Amino acid sequence: MTPAERRFEALATGCGPRVLAYLARRTTPREDAADVYQEVLTTTWRKVHHAPAPDDEALAWMLAIARRTLANHRRSAGRRLAATDRLRHELLASPPAREGIGGDDRLDEVRSALGSLGEDDREVLLLTYWEGLTGDQVAAVVGAGGAATRKRIQRARERLAAALETGGAVPVPSGATSAAAPRG
Amino acid sequence: MTDHEELGALLTASAPPAPDHAAAAALSATLARQVVQADRGLQGRIRGLRRRHKVATAATAAAIVLVPTGAFAAQHFLAQTGTYGDPVLNPGLQDGSEQIDLCAEDLTDYVATLAPTDLPAPPGHSWKEYTDRVARGYPNDGGCTGSNQGTVQETSLRLELLSAVSGDWGCSLVWAGEDHDSSAAMEARRVMVGVDEEARRISPSEGSVGTFTPESFLAQSRDPKFTGCER
């Protein structure tokens, strides 16, 4: 195994599961995330020499690739590898999204309120609270400056709080995401 | 509901569940290897197309310069791609050595030129045995069929050779200890140190380079799970 292959495999095992989770939360049907993930790994391999060394920066770097890939993904764009098929089965077998299955009402309100936000606001909030990224990591994923991104997160959180207080949130249809576009 | 912490906790709780981490990590590693194989196949096809252009250019050149020199023919192999690693752009991952075509017909002949013959092969073995083994490794592992092509840097091939002899010299050291043959043990130690130093000298990355020091091999040989070095 070459040093580049070792580095690539370390990225796939270290950051891969979180990138897959990011994709699985934004694709419908959920198992289509496996196909997008294959594309993400292919791009990661071809650019592996540009991957930043620190793990937190590498995760943000891979999520930025995932975000762009998700935005451009078209179904059946290429040959599906055997492991991608197994990953699809794994995603099918994992628990479905909790939306619309009688969960906590407050969580349903939050999801509805998220749907009422603009795409940019929603994206920075989901990267922060769903993916658990720091402000700097979010900035790297969306390609913006750190200070501006932290401000954007703060404003998005305030808008979400306002939407929840006024109850003016636009309901989010169940499974409203598209495989061909990022959720936010 | 305006409290930031409470809102943050609700947002986090609203996330759809992530796939099982352990299963995703294991499948990611498998998929990563398959992506590399598939991408090399694609790169191989691209390189094949480029090679056709090179052949056409070479044929034109041959019409002008009819007889290539013997030195040129003797020093160049089909396995040599003419592309090189970039240690400045890829520090710790690449050195400046050439990318070698693992599926070239003359790969075995080329790898034979890489054997560090200033270091002795382990007793009962020859360098040819190791160069043949390394050269056949990739095709035997299922590569070089159809569109499966591959390249590797020359340094990686050198490291594979050093790693292979290091293990066999380690066994010689173990056997010398069992036989109370101090001169054989001394020779094994001397060569193992030389092999390890050479591997560390040429490797583009720090840390493990695939070779053993005499002490590390002896320590491993005392592990109850050690299965090597059967006579």
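Predicted model: local features only at pLDDT ≥ 70, side-chain atom pairs only at ≥ 80, totals over all residues.
By contact I mean two residues whose C-beta atoms, placed from the backbone, lie within 7 Å. Residues 59–74 of chain B are also below 50, again with 1 contact beyond near neighbours in sequence.

Residues are numbered from 1 along each chain as its sequence is written, with chains lettered from A and ligands numbered from 1 in the order in which they are written.

Chain B as a whole has a mean pLDDT of 80, and the complex gets an ipTM of 0.78 and a pTM of 0.51.

On to the interface: 45 residues of chain A are in contact with 40 of chain B. The largest share of chain A's side, 8 residues, comes from α1(A); helices here are DSSP runs of H or I, at least four residues, numbered from the N terminus.

Now α1 of chain B, residues 4–13. Its buried residues (20 or more other C-beta atoms within 10 Å of their own, C-betas placed from the backbone) are B:Leu7, B:Leu10 and B:Leu11. Seen down the axis, they fall within an arc of 100 degrees, so they line one face of the helix; that arc is taken from the directions from helix axis to C-beta atoms. They pack against α6, α7 and α9 of chain A. On the other side of α1(B), B:Glu5, B:Glu6 and B:Ala9 are exposed, meaning 12 or fewer such C-beta atoms.

Conventions: pLDDT = per-residue confidence, 0-100. Helix = DSSP H or I, 4+ residues; strand = E, 2+ residues; numbered from the N terminus.
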